[in-house]
Each structure stands twice: as structure tokens, then as C-alpha cells.
Amino acid sequence: MYDYMPENEDKELRTVGLELMFMTPEKGSKEEGVTAVELAKMVELPLETVKKKLNILKDAGIVTVKGINPKYWKFDNYNFQRMDEHDEVFKLLCSFDDVDFDKYFQY
């Protein structure tokens, strides 16, 4: 399982997770989800890093993947809401203290 330590939190995992969590059709997401390449461009991280983070989220059960080439990744809100509140990934994605919601929403 992923080790969560507040003083050494995985900012890249959090960035990828939050981007998927707040993904909307207006951001270019298709019904199936978003590709790792598209997501890497959105979060401005290397593709290999994004793929590793997506697999961590998939292993946690909160991201689903469809297709083979390309793979479409999608946040699973249903499973996220049912996660144990002590789960390391859950805590990481629910830590909103320094999140700029303006980049996810347009008012």
C-alpha cells in the first residue's frame, strides 16, 4: 500500500488525483475518461510520472481504466466516497488546505 506521510506527501499523486477528481467535459474529458498523455499535459508532469500515479490510484480503487491503446482513465467517485477515511490515498486527496480551486472551476 502507498505510504502516506504528511511531511513527505506525494504532491504529484495529489495533483494527478485532484485533476481527475475535478475533470469535466469542458476540460476535454471524453465520456470514457482522459488519456495519460492528455492528463500529463494538463498537470505539467512527465508522462511516466503520471502513469505511475494513475496506477497507484487504480490500485486504491478510485480510478478506472478502459481500453488498451489508448487507455482512458476516469475518477470513480462512488468508490472514493466509500474509502476508509484512514486510507493514505483518501487522506491525501482530502487535504484541501493549499488547493487553488480556481484552476478546477470557472465561476
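Predicted model: local features only at pLDDT ≥ 70, side-chain atom pairs only at ≥ 80, totals over all residues.
Leaving aside its neighbours within four places in sequence, which residues is Leu-57 in contact with? Contact here means heavy atoms within 4.5 Å, and on that basis Leu-57 meets Leu-13, Val-16, Gly-17, Leu-20, Ile-62, Val-63, Val-89 and Leu-93.

Residues are numbered from 1 along each chain as its sequence is written, and side-chain values use heavy atoms, with hydrogens and water left out.

The protein chain holds five helices and two strands. These elements are DSSP runs numbered from the N terminus, with helices being H or I runs of at least four residues and strands being E runs of at least two. Along the sequence they follow the pattern α-α-α-β-β-α-α. Of the contacts in the protein chain with a separation of 6 or more, 58% are between residues 24 or more positions apart. The accessible surface of the protein chain is about 6,900 Å², and 49% of it belongs to carbon and sulfur atoms; such areas come from the Shrake-Rupley method with a 1.4 Å probe, and for residues only the protein chains shown count as cover. Among the 107 residues of the protein chain, 41% are buried, where buried means under 20% relative accessible area, exposed means over 50%, and partly exposed lies in between (1.4 Å probe, protein chains only).

Now back to Leu-57. In soluble globular proteins, nonpolar side chains tend to be buried together. Here the largest nonpolar core has 28 residues, and Leu-39, Leu-57, Ile-62 and Leu-93 touch the most other members. A nonpolar core is a set of buried Ala, Val, Leu, Ile, Met, Phe, Trp, Tyr and Cys residues joined through side-chain atoms within 4.5 Å. The elements giving two or more residues to this core are helix H1 (11-21), helix H2 (36-43), helix H3 (47-59), strand S2 (72-75) and helix H5 (88-93). H1 gives the most, with five residues.

Helix H1 deserves a longer look. Because eight of its eleven residues are buried, H1 is largely enclosed by the rest of the structure. The buried residues of H1 are Leu-13, Arg-14, Val-16, Gly-17, Leu-18, Glu-19, Leu-20 and Met-21, and they pack against H2, H3, S1, S2, H4 and H5. One of them is Arg-14, which has a relative accessible area of 7% and is therefore buried. Not counting residues up to four places away in sequence, Arg-14 touches Glu-9, Leu-92, Leu-93, Ser-95, Phe-96, Asp-97, Asp-98 and Val-99.

The two strands come next. Strand S1 (residues 63-66) pairs with S2 in the antiparallel sense over four bridges; two strands pair if DSSP finds at least two bridges between them. Val-63 has Phe-75 as its bridge partner in S2, and Lys-66 has Tyr-72. The hairpin has five residues between the strands, and Gly-67 takes a positive phi near 85°. Pro-70 is in the loop between S1 and S2, and the peptide bond from Asn-69 to Pro-70 is cis, with omega near 5°.

Another loop, between H2 and H3, holds Glu-44. Glu-44 has a positive phi near 55° in a residue other than glycine, and its relative accessible area of 71% makes Glu-44 exposed.

Let us finish with the rings. The whole structure contains two aromatic pairs. Rings of Phe, Tyr and Trp (its six-membered ring) pair if their centres lie within 6.5 Å; planes under 30 degrees apart count as stacked, over 60 as edge-to-face and the rest as tilted. Phe-80 and Phe-90 form a tilted pair, 5.1 Å centre to centre with 35° between the planes. This pair links distant parts of the chain, with Phe-80 in helix H4 (residues 77-81) and Phe-90 in helix H5, ten residues apart. Phe-80 is buried at 8% relative accessibility, and Phe-90 is buried at 17%. Ring pairs also link Phe-75, Phe-80 and Phe-90 into a cluster. Finally, the charged end of Arg-82 sits over the ring of Tyr-78, 3.7 Å from its centre; this applies if NZ of Lys or CZ of Arg is within 6 Å of the ring centre and within 35 degrees of the ring normal.
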